[in-house]
Amino acid sequence: MAPKKENPGKIKKAPASRSGKNRLQERSLEGKTLLVTGGAGFIGSNYIHYVLKHYKNTIIINLDKLTYAGNLDNLKDVGGDPRYEFIRGDIRDKDVVAEIFQRVQGVVHFAADTHVDRSIMDAGEFVLTDVFGTFVLLEALRRTPTVEFFIHVSTDEVYGSRDKGFFSEDDPLNPSSPYSGSKAGADRLAYAYSVTYGLPIIIVRPSNNYGAYQYPEKFIPLFVTHALEGKSLPLYGKGTNVRDWLHVEDNCRAIDFVIKRGIVGEAYNIGANNEVRNIDVAKRIVNELGKSRDLIRFVPDRLGHDRRYALNCRKLRKLGWKPEVEFEAGLAATVNWYAENEWWWRKIKERSAEFKSFYDAYYKDRK
Ligand code: NAD
Ligand code: TYD
(Lines give C-alpha, C1' and ligand atoms only; values in the text may rest on other atoms or scores of the structure.)
(Ligands and ions follow the chains in the order given, each with its own letter.)
Protein backbone atom coordinates (compact mmCIF):
# COMPACT_ATOMS: atom_id res chain seq x y z
CA MET A 1 0.00 0.00 0.00
CA ALA A 2 1.33 3.46 -0.86
CA PRO A 3 2.23 5.46 2.22
CA LYS A 4 -0.21 8.21 3.12
CA LYS A 5 1.07 11.60 1.95
CA GLU A 6 1.82 13.92 4.83
CA ASN A 7 1.32 17.62 4.57
CA PRO A 8 4.80 19.08 5.09
CA GLY A 9 3.62 22.47 6.36
CA LYS A 10 1.30 21.10 9.02
CA ILE A 11 1.47 18.93 12.07
CA LYS A 12 -1.44 16.53 12.25
CA LYS A 13 -1.11 15.50 15.84
CA ALA A 14 1.34 16.39 18.52
CA PRO A 15 1.59 15.05 22.03
CA ALA A 16 -0.20 17.30 24.45
CA SER A 17 2.86 18.03 26.59
CA ARG A 18 4.45 21.13 25.03
CA SER A 19 2.48 21.43 21.83
CA GLY A 20 -0.57 23.22 23.30
CA LYS A 21 -1.52 25.29 20.28
CA ASN A 22 -2.70 28.23 22.34
CA ARG A 23 0.55 28.50 24.20
CA LEU A 24 2.12 30.61 21.49
CA GLN A 25 -0.84 32.77 20.72
CA GLU A 26 -0.58 36.39 21.77
CA ARG A 27 2.77 35.66 23.35
CA SER A 28 4.87 38.68 24.22
CA LEU A 29 8.63 38.83 24.45
CA GLU A 30 8.36 41.38 27.25
CA GLY A 31 10.12 40.18 30.38
CA LYS A 32 11.58 37.11 28.64
CA THR A 33 15.13 36.04 27.93
CA LEU A 34 15.65 35.11 24.30
CA LEU A 35 18.43 33.15 22.64
CA VAL A 36 19.23 34.44 19.17
CA THR A 37 21.60 32.17 17.26
CA GLY A 38 23.65 33.77 14.49
CA GLY A 39 22.83 37.24 15.81
CA ALA A 40 26.04 38.76 14.42
CA GLY A 41 24.95 38.03 10.85
CA PHE A 42 22.77 40.08 8.54
CA ILE A 43 19.22 39.18 9.59
CA GLY A 44 20.13 38.23 13.16
CA SER A 45 21.69 41.62 13.88
CA ASN A 46 18.71 43.45 12.35
CA TYR A 47 16.44 41.29 14.48
CA ILE A 48 18.39 42.10 17.66
CA HIS A 49 18.10 45.81 16.87
CA TYR A 50 14.39 45.32 16.32
CA VAL A 51 13.77 43.52 19.62
CA LEU A 52 15.83 45.94 21.72
CA LYS A 53 13.97 48.85 20.13
CA HIS A 54 10.48 47.44 20.58
CA TYR A 55 10.71 45.63 23.93
CA LYS A 56 11.92 47.35 27.07
CA ASN A 57 12.39 44.29 29.27
CA THR A 58 13.59 41.59 26.95
CA ILE A 59 17.05 40.13 27.48
CA ILE A 60 18.87 38.81 24.43
CA ILE A 61 21.66 36.26 24.42
CA ASN A 62 23.37 36.21 21.05
CA LEU A 63 25.22 32.94 20.40
CA ASP A 64 27.40 33.35 17.36
CA LYS A 65 30.55 31.61 16.21
CA LEU A 66 31.70 34.66 14.24
CA THR A 67 32.39 32.88 11.01
CA TYR A 68 33.50 35.10 8.14
CA ALA A 69 29.85 36.27 7.91
CA GLY A 70 29.48 37.16 11.59
CA ASN A 71 30.44 40.72 12.35
CA LEU A 72 30.28 42.51 15.69
CA ASP A 73 30.33 45.84 13.83
CA ASN A 74 26.68 45.05 13.03
CA LEU A 75 25.93 45.40 16.74
CA LYS A 76 28.31 48.18 17.66
CA ASP A 77 25.54 50.37 19.01
CA VAL A 78 24.05 47.71 21.33
CA GLY A 79 27.32 46.52 22.89
CA GLY A 80 26.77 48.49 26.10
CA ASP A 81 23.07 47.68 26.49
CA PRO A 82 22.52 45.73 29.74
CA ARG A 83 19.74 43.77 28.00
CA TYR A 84 22.21 42.31 25.51
CA GLU A 85 24.80 39.57 26.03
CA PHE A 86 27.14 38.16 23.41
CA ILE A 87 28.54 34.63 23.64
CA ARG A 88 31.04 33.57 21.06
CA GLY A 89 30.32 29.91 20.49
CA ASP A 90 29.23 27.23 18.09
CA ILE A 91 25.64 25.94 17.92
CA ARG A 92 27.19 22.50 17.47
CA ASP A 93 28.69 22.67 20.96
CA LYS A 94 26.08 20.85 23.01
CA ASP A 95 27.48 21.88 26.39
CA VAL A 96 27.42 25.59 25.59
CA VAL A 97 23.97 25.23 24.08
CA ALA A 98 22.61 23.26 27.06
CA GLU A 99 23.81 25.92 29.50
CA ILE A 100 22.23 28.74 27.53
CA PHE A 101 18.93 26.87 27.16
CA GLN A 102 18.65 26.80 30.97
CA ARG A 103 18.55 30.60 30.96
CA VAL A 104 16.07 31.35 28.17
CA GLN A 105 12.36 31.06 27.50
CA GLY A 106 12.52 31.45 23.75
CA VAL A 107 14.86 30.75 20.83
CA VAL A 108 15.09 32.33 17.39
CA HIS A 109 17.48 30.23 15.34
CA PHE A 110 19.19 32.11 12.50
CA ALA A 111 22.71 30.63 12.62
CA ALA A 112 23.63 28.98 9.36
CA ASP A 113 26.06 28.98 6.52
CA THR A 114 24.08 30.90 3.93
CA HIS A 115 25.78 31.68 0.65
CA VAL A 116 24.72 29.46 -2.26
CA ASP A 117 27.92 30.09 -4.25
CA ARG A 118 30.10 29.04 -1.32
CA SER A 119 27.96 25.91 -0.88
CA ILE A 120 28.64 25.04 -4.51
CA MET A 121 32.39 25.29 -3.88
CA ASP A 122 32.31 23.35 -0.60
CA ALA A 123 29.17 22.10 1.12
CA GLY A 124 30.82 20.63 4.24
CA GLU A 125 30.18 23.48 6.68
CA PHE A 126 26.63 23.84 5.39
CA VAL A 127 25.75 20.29 6.35
CA LEU A 128 27.57 20.57 9.67
CA THR A 129 26.07 23.88 10.80
CA ASP A 130 22.71 24.01 9.06
CA VAL A 131 21.73 20.38 9.66
CA PHE A 132 23.83 19.08 12.56
CA GLY A 133 23.86 22.44 14.38
CA THR A 134 20.08 22.55 14.19
CA PHE A 135 19.96 19.00 15.55
CA VAL A 136 22.04 20.05 18.58
CA LEU A 137 19.62 22.90 19.29
CA LEU A 138 16.58 20.67 18.88
CA GLU A 139 18.05 18.12 21.28
CA ALA A 140 18.60 20.90 23.82
CA LEU A 141 15.00 22.00 23.32
CA ARG A 142 13.84 18.45 23.97
CA ARG A 143 15.73 18.37 27.26
CA THR A 144 14.73 21.84 28.48
CA PRO A 145 11.00 22.05 29.20
CA THR A 146 11.30 25.66 30.37
CA VAL A 147 11.89 26.86 26.81
CA GLU A 148 8.46 27.98 25.60
CA PHE A 149 9.07 28.47 21.90
CA PHE A 150 11.62 27.83 19.18
CA ILE A 151 11.46 29.71 15.89
CA HIS A 152 13.34 27.84 13.21
CA VAL A 153 14.40 30.22 10.45
CA SER A 154 14.25 28.25 7.22
CA THR A 155 14.14 29.79 3.72
CA ASP A 156 11.97 29.93 0.60
CA GLU A 157 14.85 28.19 -1.20
CA VAL A 158 13.79 24.85 0.33
CA TYR A 159 10.94 24.71 -2.22
CA GLY A 160 13.31 24.88 -5.16
CA SER A 161 12.46 26.84 -8.29
CA ARG A 162 9.24 27.26 -10.26
CA ASP A 163 8.49 29.11 -13.48
CA LYS A 164 4.87 29.96 -12.70
CA GLY A 165 2.66 30.20 -9.64
CA PHE A 166 3.66 30.52 -6.02
CA PHE A 167 4.92 28.20 -3.33
CA SER A 168 2.57 27.51 -0.41
CA GLU A 169 3.61 26.03 2.90
CA ASP A 170 2.08 22.66 1.96
CA ASP A 171 4.10 22.27 -1.24
CA PRO A 172 6.77 19.59 -1.30
CA LEU A 173 10.33 20.70 -0.67
CA ASN A 174 12.56 20.34 -3.68
CA PRO A 175 15.84 22.11 -2.90
CA SER A 176 18.46 22.33 -5.60
CA SER A 177 21.63 23.81 -4.12
CA PRO A 178 23.80 22.32 -1.37
CA TYR A 179 22.77 25.33 0.76
CA SER A 180 19.04 24.83 0.25
CA GLY A 181 19.44 21.06 0.58
CA SER A 182 20.99 21.58 4.02
CA LYS A 183 18.29 24.09 4.98
CA ALA A 184 15.60 21.64 3.85
CA GLY A 185 17.17 18.96 6.04
CA ALA A 186 17.06 21.33 9.02
CA ASP A 187 13.50 22.42 8.21
CA ARG A 188 12.25 18.84 8.15
CA LEU A 189 14.23 17.92 11.25
CA ALA A 190 12.55 20.79 13.12
CA TYR A 191 9.19 19.52 11.86
CA ALA A 192 10.05 15.95 12.90
CA TYR A 193 11.02 17.07 16.42
CA SER A 194 7.80 19.00 16.74
CA VAL A 195 5.69 16.00 15.68
CA THR A 196 7.62 13.33 17.55
CA TYR A 197 8.22 15.10 20.83
CA GLY A 198 5.45 17.69 20.74
CA LEU A 199 7.94 20.52 20.96
CA PRO A 200 6.88 24.18 20.61
CA ILE A 201 8.52 24.77 17.23
CA ILE A 202 7.39 27.13 14.48
CA ILE A 203 9.12 27.26 11.10
CA VAL A 204 9.40 30.45 9.05
CA ARG A 205 10.43 30.52 5.39
CA PRO A 206 11.39 34.05 4.38
CA SER A 207 12.22 35.03 0.82
CA ASN A 208 15.41 36.88 -0.23
CA ASN A 209 16.13 39.65 2.28
CA TYR A 210 17.82 42.95 1.51
CA GLY A 211 18.83 45.86 3.74
CA ALA A 212 21.64 47.13 5.97
CA TYR A 213 24.47 44.90 7.26
CA GLN A 214 24.24 42.22 4.56
CA TYR A 215 27.60 40.63 3.91
CA PRO A 216 28.87 42.12 0.64
CA GLU A 217 29.20 38.80 -1.20
CA LYS A 218 25.40 38.60 -1.60
CA PHE A 219 23.85 40.02 -4.76
CA ILE A 220 22.52 43.43 -3.69
CA PRO A 221 25.36 44.57 -1.38
CA LEU A 222 27.97 43.15 -3.79
CA PHE A 223 26.50 45.12 -6.69
CA VAL A 224 25.99 48.32 -4.69
CA THR A 225 29.49 48.33 -3.23
CA HIS A 226 31.12 47.25 -6.51
CA ALA A 227 29.29 50.07 -8.29
CA LEU A 228 30.50 52.52 -5.63
CA GLU A 229 34.04 51.25 -6.29
CA GLY A 230 33.54 51.54 -10.08
CA LYS A 231 34.01 47.77 -10.51
CA SER A 232 32.07 45.65 -13.00
CA LEU A 233 28.94 43.92 -11.74
CA PRO A 234 29.02 40.17 -12.42
CA LEU A 235 25.48 39.25 -13.45
CA TYR A 236 25.01 35.48 -13.77
CA GLY A 237 23.66 34.04 -17.02
CA LYS A 238 21.21 36.31 -18.80
CA GLY A 239 20.19 38.10 -15.60
CA THR A 240 16.62 36.86 -16.02
CA ASN A 241 16.47 34.84 -12.78
CA VAL A 242 13.82 36.14 -10.45
CA ARG A 243 13.96 36.66 -6.69
CA ASP A 244 11.11 37.70 -4.40
CA TRP A 245 12.62 40.55 -2.37
CA LEU A 246 11.74 41.19 1.27
CA HIS A 247 13.10 44.10 3.28
CA VAL A 248 14.93 42.78 6.34
CA GLU A 249 12.88 45.02 8.65
CA ASP A 250 9.68 43.50 7.27
CA ASN A 251 11.18 40.08 7.96
CA CYS A 252 11.99 41.07 11.56
CA ARG A 253 8.43 42.35 12.05
CA ALA A 254 7.10 39.10 10.61
CA ILE A 255 9.20 36.95 12.93
CA ASP A 256 8.02 39.04 15.87
CA PHE A 257 4.47 38.56 14.65
CA VAL A 258 4.90 34.80 14.34
CA ILE A 259 6.22 34.63 17.91
CA LYS A 260 3.09 36.47 19.07
CA ARG A 261 0.46 34.79 16.94
CA GLY A 262 1.97 31.82 15.14
CA ILE A 263 0.66 28.35 15.83
CA VAL A 264 2.97 25.70 17.14
CA GLY A 265 3.90 23.12 14.55
CA GLU A 266 3.07 25.31 11.57
CA ALA A 267 5.32 26.70 8.84
CA TYR A 268 4.88 30.27 7.57
CA ASN A 269 6.11 31.78 4.34
CA ILE A 270 7.33 35.36 4.71
CA GLY A 271 7.42 37.44 1.56
CA ALA A 272 6.38 40.80 0.19
CA ASN A 273 5.38 39.87 -3.34
CA ASN A 274 8.26 41.74 -4.91
CA GLU A 275 9.34 39.55 -7.79
CA VAL A 276 12.10 41.23 -9.73
CA ARG A 277 14.53 39.93 -12.38
CA ASN A 278 18.19 40.27 -11.41
CA ILE A 279 18.91 42.46 -14.43
CA ASP A 280 16.24 44.90 -13.28
CA VAL A 281 17.65 45.01 -9.75
CA ALA A 282 21.09 45.69 -11.22
CA LYS A 283 19.74 48.50 -13.40
CA ARG A 284 17.96 50.10 -10.47
CA ILE A 285 21.15 50.00 -8.41
CA VAL A 286 23.26 51.74 -11.04
CA ASN A 287 20.49 54.29 -11.70
CA GLU A 288 20.18 55.01 -8.00
CA LEU A 289 23.92 55.67 -7.80
CA GLY A 290 24.03 57.68 -11.03
CA LYS A 291 26.47 55.14 -12.53
CA SER A 292 26.64 53.77 -16.07
CA ARG A 293 24.80 50.58 -17.03
CA ASP A 294 28.00 49.58 -18.79
CA LEU A 295 29.21 48.41 -15.38
CA ILE A 296 26.85 45.42 -15.69
CA ARG A 297 28.72 42.45 -17.07
CA PHE A 298 27.09 39.14 -18.04
CA VAL A 299 29.20 36.29 -16.68
CA PRO A 300 28.94 32.47 -16.74
CA ASP A 301 25.95 31.26 -14.79
CA ARG A 302 25.88 29.72 -11.32
CA LEU A 303 25.64 25.91 -11.41
CA GLY A 304 22.07 24.69 -10.88
CA HIS A 305 20.89 28.31 -10.67
CA ASP A 306 17.27 28.38 -9.44
CA ARG A 307 15.30 30.34 -12.00
CA ARG A 308 12.57 31.82 -9.87
CA TYR A 309 11.43 31.98 -6.25
CA ALA A 310 7.94 33.23 -5.50
CA LEU A 311 5.96 32.82 -2.30
CA ASN A 312 2.29 32.65 -1.50
CA CYS A 313 2.07 34.36 1.89
CA ARG A 314 -1.68 34.17 2.41
CA LYS A 315 -1.30 32.08 5.54
CA LEU A 316 0.64 34.78 7.38
CA ARG A 317 -1.48 37.56 5.89
CA LYS A 318 -4.62 35.82 7.15
CA LEU A 319 -3.12 35.84 10.62
CA GLY A 320 -2.78 39.63 10.31
CA TRP A 321 0.78 40.40 9.15
CA LYS A 322 1.60 42.46 6.08
CA PRO A 323 4.83 43.93 4.71
CA GLU A 324 5.37 47.67 5.00
CA VAL A 325 8.36 48.39 2.79
CA GLU A 326 7.77 48.92 -0.89
CA PHE A 327 10.66 47.56 -2.99
CA GLU A 328 11.62 50.73 -4.83
CA ALA A 329 11.83 52.79 -1.63
CA GLY A 330 13.49 49.94 0.31
CA LEU A 331 16.12 49.45 -2.37
CA ALA A 332 16.84 53.19 -2.55
CA ALA A 333 17.27 53.33 1.24
CA THR A 334 19.50 50.25 1.14
CA VAL A 335 21.71 51.68 -1.61
CA ASN A 336 21.94 54.84 0.42
CA TRP A 337 22.91 52.92 3.57
CA TYR A 338 25.89 51.28 1.84
CA ALA A 339 26.86 54.61 0.28
CA GLU A 340 26.87 56.23 3.72
CA ASN A 341 28.54 53.36 5.56
CA GLU A 342 31.65 52.72 3.55
CA TRP A 343 33.58 52.07 6.79
CA TRP A 344 31.42 48.99 7.33
CA TRP A 345 31.87 47.26 3.98
CA ARG A 346 35.35 48.50 3.07
CA LYS A 347 36.69 46.82 6.18
CA ILE A 348 35.34 43.52 4.86
CA LYS A 349 36.13 43.92 1.18
CA GLU A 350 39.59 45.38 1.65
CA ARG A 351 40.83 43.65 4.78
CA SER A 352 39.10 40.31 5.10
CA ALA A 353 41.12 37.39 3.76
CA GLU A 354 37.92 35.29 3.81
CA PHE A 355 36.20 37.71 1.46
CA LYS A 356 39.14 38.00 -0.90
CA SER A 357 39.98 34.31 -1.15
CA PHE A 358 36.40 33.36 -1.92
CA TYR A 359 35.93 36.23 -4.36
CA ASP A 360 39.15 35.55 -6.24
CA ALA A 361 38.47 31.82 -6.49
CA TYR A 362 34.80 31.99 -7.42
CA TYR A 363 34.90 34.97 -9.75
CA LYS A 364 38.21 34.31 -11.44
CA ASP A 365 36.37 33.36 -14.66
CA ARG A 366 33.55 35.80 -14.02
CA LYS A 367 35.25 39.19 -13.95
P1 NAD B 1 24.51 35.44 7.53
O2 NAD B 1 25.38 34.54 6.74
O3 NAD B 1 24.59 36.91 7.32
O4 NAD B 1 24.74 35.19 9.10
C5 NAD B 1 24.86 33.91 9.63
C6 NAD B 1 25.37 34.06 11.07
O7 NAD B 1 25.44 32.74 11.66
C8 NAD B 1 26.78 34.66 11.16
O9 NAD B 1 26.82 35.65 12.15
C10 NAD B 1 27.66 33.47 11.53
O11 NAD B 1 28.81 33.84 12.29
C12 NAD B 1 26.69 32.62 12.33
N13 NAD B 1 27.06 31.19 12.35
C14 NAD B 1 27.39 30.41 11.30
N15 NAD B 1 27.70 29.17 11.70
C16 NAD B 1 27.54 29.17 13.06
C17 NAD B 1 27.71 28.17 14.05
N18 NAD B 1 28.09 26.93 13.73
N19 NAD B 1 27.46 28.50 15.33
C20 NAD B 1 27.09 29.77 15.67
N21 NAD B 1 26.94 30.75 14.77
C22 NAD B 1 27.16 30.45 13.47
O23 NAD B 1 23.02 34.90 7.29
P24 NAD B 1 21.65 35.70 7.15
O25 NAD B 1 21.50 36.16 5.76
O26 NAD B 1 21.54 36.65 8.25
O27 NAD B 1 20.61 34.51 7.35
C28 NAD B 1 20.15 34.17 8.66
C29 NAD B 1 19.20 33.00 8.56
O30 NAD B 1 18.10 33.33 7.71
C31 NAD B 1 19.82 31.74 7.96
O32 NAD B 1 19.30 30.63 8.64
C33 NAD B 1 19.34 31.76 6.51
O34 NAD B 1 19.29 30.47 5.99
C35 NAD B 1 17.98 32.38 6.66
N36 NAD B 1 17.48 33.11 5.49
C37 NAD B 1 18.23 34.11 4.94
C38 NAD B 1 17.71 34.82 3.86
C39 NAD B 1 18.47 35.95 3.23
O40 NAD B 1 18.04 36.48 2.21
N41 NAD B 1 19.59 36.40 3.78
C42 NAD B 1 16.44 34.50 3.34
C43 NAD B 1 15.72 33.45 3.95
C44 NAD B 1 16.24 32.78 5.03
P1 TYD C 1 22.19 35.74 -3.73
O2 TYD C 1 22.25 37.07 -3.08
O3 TYD C 1 23.40 34.88 -3.69
O4 TYD C 1 20.92 34.99 -3.10
P5 TYD C 1 20.27 33.54 -3.50
O6 TYD C 1 21.10 32.89 -4.51
O7 TYD C 1 20.30 32.83 -2.20
O8 TYD C 1 18.91 33.88 -4.00
O9 TYD C 1 21.78 35.92 -5.26
C10 TYD C 1 20.57 36.53 -5.65
C11 TYD C 1 20.45 36.42 -7.16
O12 TYD C 1 21.49 37.18 -7.76
C13 TYD C 1 20.62 35.00 -7.66
O14 TYD C 1 19.74 34.77 -8.74
C15 TYD C 1 22.05 34.95 -8.15
C16 TYD C 1 22.31 36.37 -8.63
N17 TYD C 1 23.71 36.83 -8.50
C18 TYD C 1 24.39 37.34 -9.62
O19 TYD C 1 23.84 37.43 -10.73
N20 TYD C 1 25.68 37.73 -9.46
C21 TYD C 1 26.32 37.65 -8.25
O22 TYD C 1 27.54 38.02 -8.19
C23 TYD C 1 25.62 37.14 -7.12
C24 TYD C 1 26.28 37.02 -5.78
C25 TYD C 1 24.31 36.75 -7.29
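**Note on a predicted model: aromatic pairs, cysteines and helix faces**

1. Tyr 210 is buried, with a relative accessible area of 0%; buried means under 20% relative accessible area, exposed over 50%, and partly exposed in between, with a 1.4 Å probe and protein chains only. This is a predicted model, in which local features need pLDDT of at least 70 and side-chain atom pairs count only at pLDDT 80 or more, while totals for chains, interfaces and linings use all residues. Residues are numbered from 1 along each chain as its sequence is written, chains are lettered from A and ligands numbered from 1 in the order in which they are written, and side-chain values use heavy atoms, with hydrogens and water left out.

2. Aromatic pairs come next. Rings of Phe, Tyr and Trp (its six-membered ring) pair if their centres lie within 6.5 Å; planes under 30 degrees apart count as stacked, over 60 as edge-to-face and the rest as tilted. The count by this rule is 23 aromatic pairs. In one of these, the ring centres of Tyr 210 and Trp 245 are 6.3 Å apart and the planes stand at 85°, so the pair is edge-to-face. Tyr 210 belongs to strand 7 (residues 209–210), whereas Trp 245 is in the loop between strand 9 (242–244) and strand 10 (246–247), 35 residues apart, so the pair links distant parts of the chain. Helices (H or I, at least four residues) and strands (E, at least two) are DSSP runs, numbered from the N terminus. Trp 245 is buried as well, with a relative accessible area of 3%.

3. Tyr 362 and Tyr 363 also form an edge-to-face pair, at 5.4 Å centre to centre and 75° between the planes. Both of these tyrosines are buried. Arg 118 lies over the face of Tyr 68, at 3.6 Å from the ring centre. A charge sits over a ring if NZ of Lys or CZ of Arg is within 6 Å of the ring centre and within 35 degrees of the ring normal. The charged end of Arg 162 likewise sits over the ring of Phe 167, 4.8 Å from its centre.

4. Which residues of helix 13 (residues 353–363) are buried? They are Phe 355, Phe 358, Tyr 359, Tyr 362 and Tyr 363. These residues cover an arc of only 100° around the axis, which puts them on the same side of helix 13; the arc is that of the directions from the helix axis to the C-beta atoms. Their cover includes helix 4 (116–121), helix 7 (219–229), strand 8 (233–236) and helix 12 (342–351). At the start of helix 13, a side-chain oxygen of Ser 352 comes within 3.3 Å of the backbone nitrogen of Glu 354.

5. In helix 3 (residues 94–101), the buried residues are Val 97, Ile 100 and Phe 101. Seen down the axis, they fall within an arc of 100°, so they line one face of helix 3. Asp 95 and Glu 99 are exposed on the other side. Among the elements that cover the buried face are strand 1 (33–37), strand 4 and helix 5 (124–143).

6. His 109 is found in strand 4 (residues 106–109) and is buried, with a relative accessible area of 1%. Its side chain joins that of Thr 134 in a polar contact of 3.0 Å. A polar contact is a pair of N or O atoms within 3.5 Å; within protein, one must be able to donate a hydrogen and the other to accept it, and residues adjacent in sequence count only if both atoms are side-chain atoms. Not counting residues up to four places away in sequence, His 109 touches several residues, including Thr 37, Ile 91, Leu 137 and Phe 150; contact means heavy atoms within 4.5 Å.

7. How many disulfides does the structure hold? The number is zero, a disulfide being a pair of cysteine sulfur atoms within 2.5 Å. The sulfur of Cys 252 is 16 Å from the closest cysteine sulfur, in Cys 313, too far for a bond. Cys 252 is buried at 1% relative accessibility, and Cys 313 is buried with a relative accessible area of 8%.

8. Two backbone angles may be checked. Leu 66, in the loop between strand 2 and strand 3, has a positive phi near 55°. Tyr 213, in the loop between strand 7 and helix 7, has a positive phi of about 70° although it is not a glycine. Most residues other than glycine have a negative phi.
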